[in-house]
Amino acid sequence: LGEDFDVLSPRMPNGTNARYKEWKIWFERIIPFLKKNVIFIGHSLGGIFLAKYLSENRFPKRIKATILVAAPSDDKDREETLADFRLPSSLSKFAEQGGMIYLIHSKDDPIVPFEQLEKYKQALPNSKTIILDNREHFNQEAFPEIIKLIKHLS
């Protein structure tokens, strides 16, 4: 992204046996380091974490955009359980404070079924959707589409 951007990429605790409450504590520790007009990006479980957190908590700074990449919306059609990461019934608080919300998903994602994107689209009707082909679960090293999006938002 270049020198004009400060990027924080926290490694959330206990990745193989993740707990929402632990991630919440970890996330709240970095809030003082964030500037206004922050752009959040959450991949997979990180995406549902952001959706849940911003639906249940008032964020103290202005959020410019929130980008959810291959984020699960529920346990249906998934091998793994979301445990305490389950979304609340309404994402209205997230919609209010999440800035521009982008939903990015690949049609061939083997981990989070493509149909899960529809649930976010219904709950967040003003969100923008970016659908890609042949990107699976976005575990590739390069992600030029997200770089372009971040630069466009700035």
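Colleague: Which residues lie nearest the centre of the largest pocket?

Modeller: This is a predicted model, in which local features need pLDDT of at least 70, side-chain atom pairs count only at pLDDT 80 or more, and totals for chains, interfaces and linings use all residues. Residues are numbered from 1 along each chain as its sequence is written, and side-chain values use heavy atoms, with hydrogens and water left out. On a 1 Å grid over the protein atoms alone, a pocket is an open set of points where a 1.4 Å probe fits, with protein on both sides within 12 Å along at least five of seven lines, and lining residues have an atom within 4 Å of a point. The largest pocket is lined by 41 residues, and those nearest its centre are Val7, Leu8, Ser9, Ile39 and Ile41.

Colleague: What is the volume of the largest pocket?

Modeller: Grid points are joined across faces, edges and corners, and a volume is the space filled by probe spheres set on the points. For the largest pocket this gives about 1600 Å³.

Colleague: Which element gives the most to the lining of the largest pocket?

Modeller: Elements are DSSP runs numbered from the N terminus, with helices (H or I) of at least four residues and strands (E) of at least two. Helix H1 (20–30), strand E1 (38–43), helix H2 (45–56), strand E2 (63–69) and helix H5 (144–153) each supply at least two lining residues. With six residues, the top contributor is E1.

Colleague: How many residues of the lining of the largest pocket are charged?

Modeller: Ala, Val, Leu, Ile, Met, Phe, Trp, Tyr, Cys and Pro count as nonpolar, Asp, Glu, Lys and Arg as charged, and the others, Gly among them, as polar. The lining holds 25 nonpolar and nine polar residues, and the charged ones number seven.

Colleague: Ser44 has a positive phi; is this residue buried or exposed?

Modeller: Most residues other than glycine have a negative phi. Ser44, in the loop between E1 and H2, has a phi of about 60 degrees. Buried means under 20% relative accessible area, exposed over 50%, and partly exposed in between (1.4 Å probe, protein chains only). Because its relative accessibility is 15%, Ser44 counts as buried.

Colleague: Which element supplies the largest share of the lining of the largest cavity?

Modeller: Strand E3 (100–106) and helix H4 (116–123) give two or more residues to its lining. By class, that lining has seven nonpolar, one polar and no charged residues. The largest share, three residues, comes from E3.

Colleague: What is the radius of gyration of the protein?

Modeller: The protein contains five helices and four strands, in the order α-β-α-β-α-β-α-β-α. The radius is taken over C-alpha atoms, and the globule rule is 2.2 Å times the number of residues to the power 0.38. For 154 residues, a compact globule would have a value near 15 Å, which agrees with that of the protein, 15 Å.
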